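Dear colleague,

Please find the structure below, handed over for your review.

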Amino acid sequence: MIFLLYLCAMFFNLVSEYEPMGDQPEAIEGLVRAIIKGSDHVTLLGVTGSGKTFTLANVIARLNRPTLVLSHNKTLAAQLYGEFKNFFPNNAVEYFVSYYDYYQPEAYLPTTDTYIEKDLSINADIEKMRLSATASLLSGRRDVIVVSSVSCLYGIGNPNDFHATAISLEVGRRISYAKFLYRLAEILYTRTENELTSATFRVRGDTIDVMPAFGEICYRVSIFDDHVETLYIIDPVTGRRIESITKVVFYPANLFVTTRARLEPILSHIQDDLEERIIYYERRGRTLEAQRLKQRVEYDIEMMRELGYCPGIENYSRYFDGRDPGQRPYCLLDYFPKDFLLIIDESHVTLPQIKAMAGGDRARKENLVEYGFRLPAAVDNRPLNFNEFYGLAGTMIYASATPADFELNHSEGVVIEQLIRPTGLVDPPIEVRITLNQIDNLLEEIDTHTRNNEKILITTITKRMAEELSKYLDRTGVKNRYIHSDVDTLERIRILEDLRKGVFDVLIGVNLLREGLDLPEVSLVVILDADKEGFLRNVSSITQIAGRAARHASGSVIMYADKCTDSMRLAIEESNRRREKQVRYNIEHQLLPQAARKSGTGPNLLIADLELDSDRVEMPYTLAEEYYTMVAEASREYRAELIAAEAENLDLQIINEREAMNKAAQMLDFDTATKHRDKMYELEKKKKEFEKQQQPKQRKGREPQLL
């Protein structure tokens with residue numbers, strides 16, 4: 001019976017109350033058939049709201065391969081993780097993203113002789129989830145889905161070392177009591193006499209309670225006469241036995257680990273490279289760099305020899321992995337079996353991000369190496385470059401509403417379309433109008449849609465144009481706001497929340513095509529200067545912008561232009577093709593379009609926590625200038641109070657922001673955590689300014705006056 005349960009756990013079990021609808025069945029069959037026949041690159045072209053995630057879940061269940069789902073940011077990765085966790089509650093769905101709540105990388109600016117020390121805060125919960133992901137992959141299970149950001153391409157430890165240092169126990173197996181305790185310390189577990197937390201153990205006679213580096217399950221190991229006598233799962237608080245088991249594996253508490261036998265040769269290699277680098281500097285008369293490097297590396301070597309770890313140990317990863325200079329680092333992809341499935345979500349954004357990662361990292365590391373802050377081996381602690389990534393990736397599914405030429409070319413014609421939405425909504429019609437009297441025409445459209453309590457998005461070509469148009473609409477009495485990169489991130493969240501609440505009707509921006517911008521209230525999207533070819537007006541951008549109106553039953557798009565560019569023509573043709581297919585499907589199946597439901601669980605947590613005035617939404621909104629004036633005055637008052645605050649109050653505010661940041665990060669709300677981090681940095685900067693202002697006054701009172 002136990003064997004059958006284990007065997008069932010090796011297969012994906014999709015749990016859902018829904019059945020594939022629309023063209024989802026065809027998309028599922030097409031993807032599975034193409035991959036089984038040997039296609040390594042397949043594109044899923046799915047329009048917004050068509051249920052791409054559900055389709056991919058069905059493909060995973062059919063193929064039954066370990067799967068990596070790659071997203072371009074942590075927030076979207078968290079959403080995908082939650083969705084796949086619901087689809088596969090009985091399988092190993094893991095989450096692997098950067099475990100930093102905030103991260104300021106180590107850097108050196110030679111032009112100003114400024115060294116920026118690495119500053120970070122590690123989220124313990126995410127660190128456990130990362131370890132859980134690697135442990136699941138190394139356990140031999142096939143039913144593993146890892147949802148990850150591009151963090152998975154950064155260097156981590158050698159999977160062979162990680163697996164070799166794991167402690168495997170089985171009832172009846174021979175192991176000495178002292179050796180077991182020594183092995184726990186070797187894989188960076190800490191002995192404690194208090195409450196058991198992650199990667200700790202507690203000793204009571206011949207019984208050892210161990211809390212693994214991940215998970216909330218605690219184990220009790222009894223060793224008698226150099227044999228494992230019993231193994232139990234226990235309650236970590238009460239110590240009550242929950243279940244008797246026959247075997248357990250304890251994985252290391254850090255991905256950068258190695259065996260003690262290999263440590264001394266590694267440290268000798270680091271010492272040799274240090275001496276060689278010191279000679280390099282001394283021959284060039286750069287004694288400062290030589291002394292700086294000697295002091296730092298010798299300190300790190302001593303820590304690694306005594307503790308097995310040191311801050312910044314990842315900069316020595318090449319030595320621990322046994323890699324040659326320039327050889328790629330090990331990453332999460334090395335932990336997968338060779339036949340794994342790679343799904344790249346929003347591929348048109350994720351792939352360019354992967355291409356840019358290695359170059360930026362190398363530029364920063366080269367300065368650190370050149371000026372004696374790190375050994376040259378630090379450069380090899382890096383993310384994979386694009387060619388290395390493609391060399392490791394096997395079968396790939398690109399999922400996007402607007403796949404780029406790269407994905408389409410590599411798919412070699414294997415493009416599976418998913419154009420039908422389960423809600424019956426169709427792509428909005430796109431209309432082109434000349435620019436003559438375009439503002440007057442725009443005001444008429446705004447008036448028509450706002451009378452029906454519908455919202456409007458307007459995209460401009462520059463930030464200045466967005467601001468000027470907003471001012472003009474203010475003067476005409478149109479309730480509006482603008483949004484672009486100069487607007488504070490926190491304020492952007494407020495603006496989007498206010499649009500959905502009905503505080504204003506028109507949102508103006510430069511780039512309103514962000515993936516994940518879900519605004520079902522928007523019925524009209526206006527594209528100004530549609531004939532200005534470029535990044536903001538190419539086929540992909542126009543299609544993405546138009547898609548913002550696809551969640552409304554009466555959505556429409558207006559492009560103002562004096563000529564029809566190739567990008568406009570192709571975007572319109574593609575939209576008409578999709579729309580025709582969607583309408584035909586609705587007629588054949590007698591399906592009436594239904595309004596898309598609002599996504600999310602309510603207002604953003606950060607808005608709820610930091611709202612200055614709870615009645616702000618209900619206030620009269622006769623003139624937009626009055627609203628802006630109130631916000632500006634409140635902001636000035638806040639800054640004035642902040643500067644005048646005493647150091648003790650600043651310390652308290654910094655502590656509060658840090659706690660709020662940690663709390664938001666634990667809830668996987670990384671946008672909120674980022675805002676609290678920025679606020680904390682601002683407070684720390686104000687504290688330094690305050691201290692500088694106070695120092696001259698203190699010295700003046702103590703020093704004698706010279707006549």
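**Aromatic contacts**

F87 is buried, with a relative accessible area of 15%; buried means under 20% relative accessible area, exposed over 50%, and partly exposed in between (1.4 Å probe, protein chains only). The model is predicted, so local features need pLDDT of at least 70 and side-chain atom pairs count only at pLDDT 80 or more, while totals for chains, interfaces and linings use all residues. Residues are numbered from 1 along each chain as its sequence is written, and side-chain values use heavy atoms, with hydrogens and water left out.

Searching the whole structure gives 15 aromatic pairs. Rings of Phe, Tyr and Trp (its six-membered ring) pair if their centres lie within 6.5 Å; planes under 30 degrees apart count as stacked, over 60 as edge-to-face and the rest as tilted. One of the pairs is F54 with F87, a tilted arrangement at 5.5 Å centre to centre and 45 degrees between the planes. This pair links distant parts of the chain, 33 residues apart: F54 belongs to helix α3 (residues 52-63) and F87 to helix α4 (residues 74-87). Helices (H or I, at least four residues) are DSSP runs, numbered from the N terminus. F54 counts as buried at 10% relative accessibility.

F386 and F406 have ring centres 5.5 Å apart and planes at 70 degrees, so they pair edge-to-face. F386 is in helix α12 (residues 386-392) and F406 in helix α13 (residues 405-411), 20 residues apart. Finally, Y108, Y115, Y371 and F373 form one aromatic cluster.

Kind regards

Technical notes
Helix = DSSP H or I, 4+ residues; strand = E, 2+ residues; numbered from the N terminus.
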